[in-house]
Amino acid sequence: MPEYRTPLPGILAAVLEGGLNRILALDEGSPERLKHLSGRVLPLDIEGIGITLFFSFTERRVSVGTNSTAEPDTVISGSPTALFSMAVPDDAPGWGIGDSRVNISGDANLARDLEQVFRKLDPDWEGQLATLFGDVLGFQVASGLRQGADFLRESARKTSEMAGSYLRDESSLL
């Protein structure tokens, strides 16, 4: 198990766990999809920064930590950029090419089932916002958040393309 000198990996794990579980709780279909992952362990090795996060699953929750005593079912490893590109394949259609440096080893079904959980994710943002702000304002806030998310997604895609282009063309690193 990795031993870290700073609390950053633990903080990252806690933030991911909290965020993932909050989003999964907003989607009525998540428990059914999480059943396929229950009891499984997936280490995510973020190369270049030396952080490994361990994801474990129950029928309702995802746990994220910096260590695990359980035998991993599937291991995913790659650079932060490659892992991000893999997480948003619609915005980065070339993530699976040979130089993406994402390695998946172990049970391919776990990787496929995990992808299904997040690809089919449909959180009820408007319902939660309507509870907080009322129907009219909740709808307007949700609409603004959707537009903001689209902008961020497009910005991330362009940034990833520019960084990849720079690394390939200018510095010969890729």
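Q: What covers the buried residues of α4?
A: This is a predicted model, to be clear. The cover includes two helices, α1 (8–25) and α2 (30–34). It also includes the strands β1 (41–46), β2 (51–57), β4 (74–78) and β5 (103–106).

Q: And which residues of α4 are buried?
A: Leu-110, Ala-111, Asp-113, Leu-114, Gln-116 and Val-117.

Q: How far does α4 reach from its first C-alpha to its last?
A: It covers residues 108–119, twelve in number, and reaches 16 Å. That is close to the 16 Å expected at 1.5 Å a residue.

Q: What about the start of α4, which backbone nitrogen does Asp-107 reach?
A: The one of Asn-109. A side-chain oxygen of Asp-107 comes within 2.9 Å of that atom.

Q: Switching to the sheet. What is the strand order?
A: β3-β2-β1-β4-β5, five strands in an open sheet with mixed pairing. β3 (62–65) and β5 sit at the edges, each pairing on one side only. From one strand to the next, the twist averages 20°.

Q: In which sense do β4 and β5 pair, parallel or antiparallel?
A: Antiparallel, over four bridges. Ile-76 has Ile-104 in β5 as its bridge partner.

Q: Which strands does α4 touch when it packs on the sheet?
A: β1, β2, β4 and β5. The direction of α4 makes about 85° with that of β1.

Q: Where does α1 lie?
A: Across β1, β2 and β3. It runs at about 170° to β3.

Q: Why does the length of α1 agree with what you'd expect?
A: Because 18 residues at 1.5 Å a residue should span 26 Å, and the end C-alpha atoms of α1 are 26 Å apart.

Q: Which residues of α1 are buried, and what do they pack against?
A: The buried ones are Pro-9, Ala-13, Glu-17, Gly-18, Leu-20, Asn-21 and Leu-24. They pack against α2, β2, β3 and α4.

Q: Now the core. How many residues are in the largest nonpolar one?
A: 22. Leu-42, Phe-55, Phe-57 and Val-62 have the most contacts inside it. Two or more residues come from each of α1, β1, β2, β3, α3 (80–87) and α4. β2 gives the most, with four.

Q: Take Leu-42. What is it in contact with, leaving aside neighbours within four places in sequence?
A: Leu-53, Phe-54, Phe-55, Phe-57, Thr-74, Ile-76, Leu-110 and Leu-114.

Technical notes: Residues numbered from 1 in each chain as written. Predicted model: local features only at pLDDT ≥ 70, side-chain atom pairs only at ≥ 80, totals over all residues. Heavy atoms only, no water. Expected span 1.5 Å × (residues − 1). Buried < 20%, exposed > 50% of the residue type's maximum accessible area, 1.4 Å probe, protein only. Contact = heavy atoms within 4.5 Å. Polar contact = N/O pair within 3.5 Å; in protein donor to acceptor, adjacent residues only side chain to side chain. Pairing = 2+ DSSP bridges. Axes fitted to C-alpha atoms, helices over the stretch in contact; angles between N-to-C directions. Core = buried A, V, L, I, M, F, W, Y, C linked by side-chain atoms within 4.5 Å.
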